[in-house]
Each structure stands twice: as C-alpha cells, then as structure tokens.
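Subject: Handing over the structure, with notes

Dear colleague,

I am passing on the structure that we talked about, and below it you will find notes on what turned up in it. Please read them with the structure open beside you.

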Amino acid sequence: MKKITISADLEVYDAEAELPQEVQDLMNKAMEAREKSYSPYSKFRVGAALLLENGEIVTGSNQENASYPAGLCAERTAIFYAGA
C-alpha cells in the first residue's frame with residue numbers, strides 16, 4: 001500500500017467584481033442561459049457557459065421532460081452544443 005497526498009489551493013473573492021473579467025463574462029453568459037431553462041417539475045433553473053480554446057463561449061441550460069427526473073443538465077447541453 002502507498003499513501004497519496006492530495007492538496008489544493010483555493011482563491012476566495014469577496015465580490016463578483018474582483019473576479020477576472022473572463023470569469024465574469026462566463027458567469028454572465030451562464031445566467032443568461034439559465035433563462036432558457038425548461039424546468040417545470042423541479043422549478044430549478046440552471047445555466048452553464050463554456051469557454052472554448054478559440055475564445056468562443058457556448059452555453060446550455062437544463063431541460064426536463066415528462067419522465068422526471070430524467071432530463072438533460074445544463075453542463076451536458078453546453079458540451080453537446082460545443083460538439084455540434
């Protein structure tokens with residue numbers, strides 16, 4: 001047996017305005033995407049934004065259907081959109 005140590009550094013910001021502009025832009029896009037959520041069952045609206053290597057931002061939102069809790073999460077729809 002071997003022992004593995006995992007550590008992490010975390011930056012904590014007191015306000016959204018302190019975040020790098022690129023992160024603020026992603027957060028704003030995710031909040032815009034949240035408005036396109038279809039969540040009549042959970043009433044929990046989620047948006048996601050991804051920054052691609054070419055600088056493009058793609059978004060997604062959660063999509064529920066009648067066979068709740070089956071549906072698509074916001075992150076998954078954003079990733080599928082990026083792949084399309």
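The end C-alpha atoms of residues 21-84 lie 27 Å apart, and this span is 38% helix and 22% strand, where helices (H or I, at least four residues) and strands (E, at least two) are DSSP runs numbered from the N terminus. According to the UniProt record, an unreviewed entry, residues 21-84 carry the annotation "domain: CMP/dCMP-type deaminase"; UniProt positions are given here in the numbering used for this chain, feature names are shortened, and annotations may be inferred rather than shown by experiment.

Please keep in mind that this is a predicted model, in which local features need pLDDT of at least 70 and side-chain atom pairs count only at pLDDT 80 or more, while totals for chains, interfaces and linings use all residues. Residues are numbered from 1 along each chain as its sequence is written, and side-chain values use heavy atoms, with hydrogens and water left out.

The whole chain

The protein chain has two helices and four strands, and from the N terminus on the elements follow the order α-β-β-β-β-α. Its radius of gyration is 17 Å, whereas a compact globule of 84 residues would have one near 12 Å; the radius is taken over C-alpha atoms, and the globule rule is 2.2 Å times the number of residues to the power 0.38. Taken along the principal axes, the C-alpha atoms fill a box of roughly 45 × 40 × 30 Å. Of the 84 residues, 19% are buried, where buried means under 20% relative accessible area, exposed over 50%, and partly exposed in between (1.4 Å probe, protein chains only).

Helix α1 covers residues 21-34 and includes M31, which is partly exposed at 32% relative accessibility. Together, V23, M27 and M31 make a nonpolar surface patch of about 200 Å². Patches are made of residues with over 30% relative accessible area and no salt bridge, like charges being joined within 9 Å and nonpolar side chains (Val, Leu, Ile, Met, Phe, Trp, Tyr) within 5 Å, and the areas come from the Shrake-Rupley method with a 1.4 Å probe, where for residues only the protein chains shown count as cover.

A salt bridge is a side-chain nitrogen of Lys or Arg within 4 Å of a carboxyl oxygen of Asp or Glu, and by this rule the count comes to one. R45 forms a salt bridge with E35, the closest N and O atoms being 3.9 Å apart. Both R45 and E35 lie in the loop between α1 and β1, so the pair ties together parts that are 10 residues apart in sequence. R45 is partly exposed, at 38% relative accessible area, while E35 is exposed, at 54%.

The loop between α1 and β1 also holds K43, which has a positive phi of about 60 degrees although it is not a glycine. Most residues other than glycine have a negative phi. K43 is exposed, with a relative accessible area of 63%.

Strand β1 (residues 47-51) and strand β2 (residues 57-61) run antiparallel and are joined by five bridges; two strands pair if DSSP finds at least two bridges between them. G47 stands opposite S61 in β2, and L50 stands opposite V58 in β2. The hairpin of β1 and β2 has five residues between the strands, and in this hairpin G55 takes a positive phi near 95 degrees.

T77 is found in helix α2 (residues 74-83) and is buried, with a relative accessible area of 16%; T77 and V58 are 19 residues apart in sequence and 9.7 Å apart in space, C-alpha to C-alpha.
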